[in-house]
Amino acid sequence: ASTNVAFTSVDGVLFSLRPDGESASLYAYPANKVGSTYTTPTSVSFAGGSPIPVTTIEGYAFQGAKNLTTLNISQGVTTLGYGIAASSTLLSTINLPDSYTEMTEVPFAGASGLTSLAIGAFLTSIPAGAFYQTANLNSITVDALNPNYSSRDGVLFDKDKLILHTYPSGNTGSYDVPAGVTHIEANAFYGSQVTSVSIPEG
């Protein structure tokens, strides 16, 4: 058994011990790892010790993963770092756990393979510009029980559909902002391939 108390490898994936000593991060997924689907483990052990929970996916952890198409992030993960799937051109689906409630970084920056994203009932804080450099993202859906966000035609709004939060940048053509929208977030159309936007009067 390994005697390294700071790092451990599970199925070829590297994990690190967090500073609190009571939780772990997924540190690096090998770019050439075989397999199209990966589910993060809920816990790992260091140096033969007791299993401790995986709570964090480090920034760029899945960068350049050449074979991965689906990433399932397991329950217990609360933090996603910046650009976790940058340059992973085939990674089209990332499934988020209910334990992920606050988007504090820009975890999908550079995730050029991402085509759709489902936001569950418990992710209640998403910063403006959160989907920076997601050139092929064409749909964002939201669980009906989410208290802060909603979706219409794949576009992200606040719960009452008064604020347009994010227009998926992979969409093309024209877009008519729905009647009743009173505010459009900064960077809502950043990187968008839309050719024209119609804003209702009033």
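Colleague: Which residue of S6 does Ser43 stand opposite?
Modeller: Quick note first: this is a predicted model, where local features need pLDDT of at least 70, side-chain atom pairs count only at pLDDT 80 or more, and totals for chains, interfaces and linings use all residues. Residues are numbered from 1 along each chain as its sequence is written, and side-chain values use heavy atoms, leaving out hydrogens and water. Strands here are DSSP runs of E with at least two residues, numbered from the N terminus. S5 (residues 43–44) and S6 pair in the antiparallel sense over 2 bridges (pairing takes at least two DSSP bridges), and the residue of S6 opposite Ser43 is Pro53.

Colleague: Is Thr55 buried or exposed?
Modeller: Thr55 sits in S6 (residues 52–57), where 5 of the 6 residues are buried. Buried means under 20% relative accessible area, exposed over 50%, and partly exposed in between, using a 1.4 Å probe and protein chains only. Thr55 has a relative accessible area of 16%, so Thr55 counts as buried.

Colleague: Which side chain makes a polar contact with the side chain of Thr55?
Modeller: A polar contact is an N or O pair within 3.5 Å; within protein, one atom must be able to donate a hydrogen and the other to accept it, and residues adjacent in sequence count only if both atoms are side-chain atoms. At 3.4 Å, the partner of Thr55 is the side chain of Thr56.

Terms used. Helix = DSSP H or I, 4+ residues; strand = E, 2+ residues; numbered from the N terminus.
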